[in-house]
Amino acid sequence: MRLVIQRVSEASVKVNDILISGISRGLLILVGIETDDNKDDADWLAAKVANLRIFPDDNDIMNRSVQEIKGELLAVSQFTLMASTKKGNRPSYIRAAHPSVAMPLYEYFCNSLSNQTGIMVKKGIFGADMKVGLINDGPVTIIMDSKRKE
């Protein structure tokens, strides 16, 4: 699994110009799922995100988690995170999990993250053509990959 985590002042997801989800201060998490990902990958990433200290403390040092600041969470599925650009100019998505695998694992990740943080995870609509808006705070953007454990 691969995540792109952005510290945001606000973020939202629209489908067909209808607001589906929105958050204020917190984390926007783009979630890419690979063919061989499983619940262990999801749990490892959920634990890392839950405890990721990228919000400022009283001394303006990134030292607080989303839980500590009572922030919000928005997770959006994004198969394009699994793109391979090794050959040619058209990305290949062969590593991206089929929706029958990816959707339940995306839901599992969101539930695991919610359980670990005590924060309800807001979501986009899996497989929909979504318009994601955000104000990246910092900017702070972190990439995590469960296979590389970084």
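Reader: Is lysine 70 buried or exposed in this structure?

Author: The model is a predicted one, and every value here is computed from it. Exposed means over 50% relative accessible area. Lysine 70 has a relative accessible area of 73%, so it is exposed. Its place is in the loop between β5 and β6.

Reader: Which residues does a cis peptide bond join?

Author: Glycine 138 and proline 139 are joined by a cis peptide bond, with omega at about 0°. Proline 139 is part of strand β8.

Reader: How do I read a nonpolar core, and which residues have the most contacts inside the largest one?

Author: In soluble globular proteins, nonpolar side chains tend to be buried together. Here the largest nonpolar core has 30 residues. Those with the most contacts inside this core are Leu3, Leu27, Ile29, Val31, Phe109 and Leu113. At least two residues of the core come from each of β1 (2–15), β3 (26–32), α1 (39–51), β6 (72–77), α2 (99–117) and β8 (131–145). The most is given by α2, with six residues. Apart from this core lies another, of 14 residues, including Val4, Val15, Leu30 and Leu81.

Reader: With which residues is leucine 3 in contact, leaving aside its neighbours within four places in sequence?

Author: Leucine 3 is in contact with Ile29, Leu30, Val31, Leu45, Val49, Phe109, Ile142, Ile143 and Met144, once those neighbours are left aside.

Reader: How do I read strand pairing, for example between β3 and β6?

Author: Look at the sense of the pairing and at the bridges. β3 and β6 pair in the parallel sense over six bridges. Leucine 27 has leucine 73 in β6 as its bridge partner. On to the next strand: β6 also pairs in the parallel sense with strand β7 (residues 121–123), over three bridges. Leucine 73 has valine 121 in β7 as its bridge partner.

Reader: Why is β6 described as largely enclosed by the rest of the structure?

Author: Buried means under 20% relative accessible area. Five of the six residues of β6 are buried, so the strand is largely enclosed by the rest of the structure.

Reader: Which residues make a nonpolar surface patch?

Author: Ile18, Ile20 and Ile125 make a nonpolar surface patch of about 240 Å². Isoleucine 20 belongs to strand β2 (residues 18–23). Isoleucine 20 has a relative accessible area of 32%, so it is partly exposed.

Reader: Where is isoleucine 61?

Author: Isoleucine 61 is in the loop between β4 (55–56) and β5 (62–64). At a relative accessible area of 49%, isoleucine 61 is partly exposed. Not counting residues up to four places away in sequence, isoleucine 61 touches Phe55 and Pro56. From isoleucine 23, isoleucine 61 is 38 residues away in sequence and 23 Å away in space, C-alpha to C-alpha.

Reader: How many salt bridges are there?

Author: A salt bridge here needs a side-chain nitrogen of Lys or Arg within 4 Å of a carboxyl oxygen of Asp or Glu. The count comes to nine salt bridges. One of them joins arginine 7 and aspartate 137, whose closest N and O atoms are 3.4 Å apart. Arginine 7 is in strand β1 and aspartate 137 in strand β8, so the pair ties together parts that are 130 residues apart in sequence. Arginine 7 counts as buried, at 8% relative accessibility, whereas aspartate 137 is partly exposed, with a relative accessible area of 24%.

Reader: Which residues are linked in a network of salt bridges?

Author: The network links Asp37, Asp41 and Lys147. Within it, the side chains of aspartate 37 and lysine 147 meet in a salt bridge at 2.7 Å, N to O. This pair links distant parts of the chain, 110 residues apart: aspartate 37 is in the loop between β3 and α1, and lysine 147 in the segment after β8. Aspartate 37 is buried, with a relative accessible area of 7%, while lysine 147 counts as partly exposed at 37% relative accessibility.

Conventions: Residues are numbered from 1 along each chain as its sequence is written. This is a predicted model: local features need pLDDT of at least 70, side-chain atom pairs count only at pLDDT 80 or more; totals for chains, interfaces and linings use all residues. Side-chain values use heavy atoms; hydrogens and water are left out. A nonpolar core is a set of buried Ala, Val, Leu, Ile, Met, Phe, Trp, Tyr and Cys residues joined through side-chain atoms within 4.5 Å. Buried means under 20% relative accessible area, exposed over 50%, partly exposed in between (1.4 Å probe, protein chains only). Helices (H or I, at least four residues) and strands (E, at least two) are DSSP runs, numbered from the N terminus. Contact means heavy atoms within 4.5 Å. Patches are made of residues with over 30% relative accessible area and no salt bridge: like charges are joined within 9 Å, nonpolar side chains (Val, Leu, Ile, Met, Phe, Trp, Tyr) within 5 Å. Accessible areas come from the Shrake-Rupley method with a 1.4 Å probe; for residues, only the protein chains shown count as cover. Two strands pair if DSSP finds at least two bridges between them.
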